[in-house]
Amino acid sequence: MLGVIAEASSDEPLPRVLSPGLYIVATPIGNLGDITLRSIETLRRCDAVACEDTRVTGRLMKHLGLSKPLWRYDDHAEAKDRERLIESMRSRAVALVSDAGTPLISDPGYRLVNSARAEGIAVTVIPGACAAIAGLTLSGLPNDRFLFAGFLPAKDKARGDVLSSLAGIDATLVFYETAPRLTRSLAAIQEAMPYRDVAVARELTKLHEECRRGLPAGLIAWYEAHPPKGEIVLLVGPPVEHGNEEVDADALLRSALAAHKPSQAAAQVAKATGMDRRELYARAMELQKE
């Protein structure tokens with residue numbers, strides 16, 4: 001059974017009271033204007049909100065002019081915490097939010113949803129912003145097939161092992177990353193996938209939104225000189241086809257030219273492929289004129 005709000009059409013007024021159950025509510029990833037009307041209505045009409053950090057969600061609720069009981073549910077939540085929430089959902093409408101974006105995407109909420117479904121609790125999704133999807137669309141990398149892999153491990157060996165295991169997948173890889181670890185992750189990508197097109201999308205939907213593309217070596221140099229801030233979506237393009245060297249070189253040059261001058265782009269591709277730098281520079285100049 002879906003919640004009553006999910007059954008209402010755009011031509012019908014929403015019910016004053018939500019049916020008991022769990023409502024998965026997406027919130028903005030940066031710009032507060034990105035919250036949907038349906039998310040606002042759900043938060044207005046629910047009985048309580050389960051959230052990662054009551055301070056973060058409290059600021060959002062204040063911005064919306066709403067006041068609801070906020071129940072903390074995060075990575076440290078135990079089975080007894082889920083049981084209490086499930087019991088509440090039998091008679092109340094409980095909204096689940098993350099600090100930003102869509103709950104369950106690299107988020108502990110999946111355990112709560114699994115438990116709710118196992119107990120026959122109605123589960124309704126209220127879709128909205130998601131940093132992984134926003135970063136993918138902004139990057140311009142192939143998006144017909146992609147793999148979201150959450151956060152890379154913090155330790156170097158584990159990070160390298162994960163990247164090596166994913167290197168053969170014919171899809172764009174999408175990760176979440178923190179600013180202090182970005183250059184180390186780029187170095188691991190350079191080691192595991194030196195020919196791959198990489199994009200760094202950060203501060204999505206905010207004033208200083210940025211998406212920078214290039215080869216790992218060039219991006220490392222850039223971010224060592226310009227230390228990044230904010231939340232980051234790190235994307236790695238699919239494997240390069242090596243059957244046609246000229247096509248591969250063009251693809252790599254176009255990627256590097258998105259962020260660098262022709263001479264710098266040629267130097268990056270030469271370092272990554274071993275091809276002649278002068279020939280690559282001449283080709284980069286041609287591509288820039290197209």
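Q: How much space lies in the largest pocket?
A: About 610 Å³. This is a predicted model: local features need pLDDT of at least 70, side-chain atom pairs count only at pLDDT 80 or more, and totals for chains, interfaces and linings use all residues. Residues are numbered from 1 along each chain as its sequence is written, and side-chain values use heavy atoms, with hydrogens and water left out.

Q: What counts as a pocket?
A: On a 1 Å grid over the protein atoms alone, a pocket is an open set of points where a 1.4 Å probe fits, with protein on both sides within 12 Å along at least five of seven lines. Lining residues have an atom within 4 Å of a point. The volume is the space filled by probe spheres set on the points, which are joined across faces, edges and corners.

Q: Which residues are closest to the centre of the largest pocket?
A: Ala100, Ala131, Phe151, Tyr176 and Glu231, out of 22 lining residues.

Q: And which element gives the most to that lining?
A: Strand β10, with three residues. β10 covers 231-236, and β7 also gives two or more. Strands here are DSSP runs of E, at least two residues, and helices are runs of H or I, at least four, numbered from the N terminus.

Q: Switching to rings. How many aromatic pairs are there?
A: Two. Rings of Phe, Tyr and Trp (its six-membered ring) pair if their centres lie within 6.5 Å; planes under 30 degrees apart are stacked, over 60 edge-to-face, the rest tilted. Phe148 and Tyr176 pair edge-to-face, 4.9 Å centre to centre with 65° between the planes. Phe148 is in β6 (residues 146-151) and Tyr176 in β7 (residues 172-178), 28 residues apart.

Q: Why is the pair of Phe151 and Tyr176 edge-to-face?
A: Because their planes are at 65°, with the ring centres 5.8 Å apart. Phe151 lies in β6 and Tyr176 in β7, so this pair ties together parts 25 residues apart in sequence. Ring pairs link Phe148, Phe151 and Tyr176 into a cluster.

Q: Is Tyr176 buried or exposed?
A: Buried, at 12% relative accessibility. Buried means under 20% relative accessible area, exposed over 50%, partly exposed in between (1.4 Å probe, protein chains only). Phe148 is partly exposed at 27%, and Phe151 is partly exposed at 40%.

Q: What sits over the ring of Trp222?
A: The charged end of Arg212, 3.6 Å from the ring centre. The rule asks for NZ of Lys or CZ of Arg within 6 Å of the ring centre and within 35 degrees of the ring normal.

Q: Where does Arg283 lie?
A: In helix α12 (residues 277-289). Arg283 is partly exposed, at 22% relative accessibility. Leaving out residues up to four places away in sequence, Arg283 touches Asp250, Leu253 and Glu290. A contact means heavy atoms within 4.5 Å.

Q: Zooming out, how many helices and strands are in the chain?
A: Twelve helices and ten strands. Of the 290 residues, 46% are buried.

Q: Which stretch has pLDDT under 50?
A: Residues 1-10, with 20 contacts beyond four places in sequence. Residues 242-247 are also below 50. pLDDT is the predictor's confidence in each residue, from 0 to 100. Where it is low, the predicted coordinates should not be read in detail. The chain averages 88, and 91% of the residues score at least 70.
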